[in-house]
Amino acid sequence: MAADYELLCSMLSSLTLNERHPVPNMANASALLWQELPDINWAGFYTMEEGYLLLGPFQGKPACIRIPLGKGVCGTAAEKNKTQLVKDVHQFKGHIACDSASNSEIVIPLHDKDKKVCAVLDIDSPLTGRFTDEDKAGLEKFAHILEKACM
């Protein structure tokens with residue numbers, strides 16, 4: 001079942017309308033993804049803090065609190081400033097397993113007004129190969145709405 005990213009983006013735009021603070025916007029964004037995306041087991045954010053990623057608003061099981069840049073899928077996305085679409089996390093060198101049930105992952109960098117990475121959107125799935133190029137394009141648009149709203 002494919003996600004309707006046009007609808008998700010419209011819903012996020014409505015939720016972030018007139019709200020500039022990143023915490024409630026990220027909280028609502030993670031709840032929206034959790035509610036609307038099929039076959040995921042974690043959706044949330046890590047924010048950039050003094051050279052590492054710090055756990056932010058999320059939906060799912062408890063997660064790693066701090067991730068160094070360049071480590072795991074999230075740290076790699078932040079360091080390379082590039083979306084990471086990983087079909088099988090067990091094949092990703094240095095993968096950090098916060099939840100052993102996760103088998104695929106997508107991580108999208110978010111940018112501040114100076115175009116620097118300020119956070120990442122992280123979504124995990126228990127299904128191998130869950131995320132596609134269509135998901136990548138849709139989630140990058142979703143992340144861009146957050147950037148414009150509050151970053």
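**Sheet, helices and rings**

Colleague: Let's start with Tyr52: which residue is its bridge partner in S3?

Modeller: Pro68 in S3 is the bridge partner of Tyr52. This is a predicted model, where local features need pLDDT of at least 70 and side-chain atom pairs pLDDT 80 or more, while totals for chains, interfaces and linings use all residues. Residues are numbered from 1 along each chain as its sequence is written, and side-chain values use heavy atoms, without hydrogens and water.

Colleague: How many bridges do S2 and S3 pair over?

Modeller: Three, in the antiparallel sense. Strands here are DSSP runs of E with at least two residues, helices runs of H or I with at least four, numbered from the N terminus; pairing takes at least two DSSP bridges.

Colleague: And what is the strand order in the sheet?

Modeller: The order is S3-S2-S1-S6-S5-S4, an open sheet of six strands with antiparallel pairing. Strand S3 (66-68) and strand S4 (84-86) are the edge strands, each pairing on one side only.

Colleague: Which strands does helix H4 lie across?

Modeller: H4 (residues 133-150) lies across S1, S4, strand S5 (104-111) and strand S6 (117-125), at about 30° to S5. Axes are lines fitted to C-alpha atoms, for helices over the stretch in contact (heavy atoms within 4.5 Å), and angles run from 0 to 180 degrees between N-to-C directions.

Colleague: How do H2 and H4 cross?

Modeller: The axes of helix H2 (residues 22-36) and H4 come within 10 Å and cross at roughly 160°. That makes H2 roughly antiparallel to H4 (the label applies over 145 degrees). Residues of H2 including Met26 and Leu33 meet residues of H4, among them Phe142 and Leu146.

Colleague: New topic, rings! How many aromatic pairs are there?

Modeller: Two. Trp42 and Tyr46 are stacked, 6.0 Å centre to centre with 25° between the planes. Trp42 and Phe58 are stacked as well, at 5.1 Å and 15°. Rings of Phe, Tyr and Trp (its six-membered ring) pair if their centres lie within 6.5 Å, and planes under 30 degrees apart count as stacked, over 60 as edge-to-face and the rest as tilted.

Colleague: Where do Trp42 and Phe58 sit in the chain?

Modeller: Trp42 is in strand S1 (residues 42-49) and Phe58 in strand S2 (residues 52-60), 16 residues apart. Together with Tyr46, Trp42 and Phe58 form one aromatic cluster.

Colleague: Why does Trp42 count as buried?

Modeller: Because its relative accessibility is 5%. Phe58 counts as partly exposed because it has 27%. Buried means under 20% relative accessible area, exposed over 50%, partly exposed in between (1.4 Å probe, protein chains only).

Key. Angles under 35 degrees count as roughly parallel, over 145 as roughly antiparallel, 65 to 115 as roughly perpendicular and the rest as oblique.
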